[in-house]
Amino acid sequence: TSETVGAADTTGAPADETPTIHVLWINAGLSCDGDSVALTAAMQPSIEEIVLGVLPGLPKIQVHWPLIDFECGPVGGADTFIEWFFKGERGEIDPFVLVVEGSIPNEAIKPEGYWCGFGDDPETGQPITTSEWIDRLAPKALAVVAIGTCATYGGIHAMAGNPTGAMGVPDYLGWDWKSQAGIPIVCVPGCPIQPDNFAETLTYLLYQATGAAPMIPLDDKLRPTWLFGATVHEGCDRAGYYEQGEFAESYDSPKCLVKIGCWGPVVKCNVPKRGWMNGIGGCPNVGGICIACTMPGFPDKFMPFMDEPPGAKLSVSGSSVYGAVVRKLRQVTGKTVDKEPKWRRTGEKITTGYRP
Ligand code: SF4
Ligand code: SF4
Ligand code: SF4
């Protein structure tokens, strides 16, 4: 059917025992759609396995996701893509998980116009802003999930001097916000997300919705703890070179990349451990410095990229002899870069330093 993606139930379970859970996906924050595209590479599980219900115990899922949905077009009938979002607002699809991709611009800082929107208001023909959709749908959602560093913490669009006042979903709704089911905002950062990190988090929430999993464990930045509890450095293939004090001076070397800009020692990300696609890749493993794309302070606190990070000299010279001192230094630096810049917030004044 072209009515929706993932409507089929192949679990063999009687339909009345498996309530349908809808996923309403808004990719119309300030976004490049990179997280949607990345998710198509997920393997553990794949997006096909999620939407076709082939995982044991998973409820019946209908995903309303612009990237792969057959439906398109404005409001005007039950078959149009955007109608599902109005159904969510009216309480006609329950439960649903709201996924937000892209940062949320501040629509309150200007007298007219809009920064970004998703579908049109059938009454006026005018776009409905992304923040308006969040206002309408978040109170009805089983859970709100922010996908990618833009949606979680603001990301690239929320850099110093930006004109939109962009911020992450927790900045917009409030860091203490909880859904009607008592679930905090779930943040899966990355620019883009590591595909399996998101597929796994979404699957966890679907199992939680059926009562098969306990409350999702999140850290103080609302990240799943089992995915973001370790640093890049702790999982990096090059850590042996670091420990031996052997450092790359150029990108054609297999040695540790810290002197040419790797932030791995203070960045929370499992990509070197997990690989990128089907276990293969993972930034420093394959020659790319870690630019800290998962972090709340990204990008401002890590720029200019490709410069030696502050502390790298001490970290390098003390890698074996002064391990305890270096660990302490890393903790201090880690706390700083694990915080968002202070201008990412709501309000009627732009605080990014933007000058027209
Ligand atoms: Fe694109 Fe990165 Fe933002 Fe995702 S986090 S929408 S990949 S810029
Ligand atoms: Fe650590 Fe980066 Fe060196 Fe890997 S390349 S060992 S993450 S500093
Ligand atoms: Fe981003 Fe660094 Fe993780 Fe690569 S290793 S995905 S640059 S945080």
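**View 1. Strand E6 is covered on both faces.** Ala143, Val145 and Ile147 on one side of E6, and Val144 and Ala146 on the other, are all buried (20 or more other C-beta atoms within 10 Å of the residue's own, with C-beta atoms placed from the backbone). In a regular strand the side chains alternate between the two faces of the sheet. Strand E6 spans residues 143-147, and five of its five residues are buried. Strands (E, at least two residues) and helices (H or I, at least four) are DSSP runs, numbered from the N terminus.

The model is predicted: local features need pLDDT of at least 70 and side-chain atom pairs pLDDT 80 or more, whereas totals for chains, interfaces and linings use all residues. Residues are numbered from 1 along each chain as its sequence is written, while chains are lettered from A and ligands numbered from 1 in the order in which they are written.

View 2. Two strands pair if DSSP finds at least two bridges between them. Strand E3 (residues 96-101) runs parallel to E6 over five bridges, and valine 97 stands opposite alanine 143. Strand E7 (residues 186-188) is also parallel to E6, joined by three bridges; here valine 145 faces valine 186.

**View 3. Residues form a shell around ligand 1.** Of 13 residues around ligand 1, Cys32, Gly34, Gly148, Cys150 and Cys191 come nearest (a residue is near if its C-beta atom, placed from the backbone, lies within 6 Å). Helices H1 (34-39) and H5 (148-153) each supply at least two residues of this shell, and the largest share, three residues, comes from H5.

Notes: A residue is buried if 20 or more other C-beta atoms lie within 10 Å of its own, exposed if 12 or fewer, and partly exposed in between; C-beta atoms are placed from the backbone.
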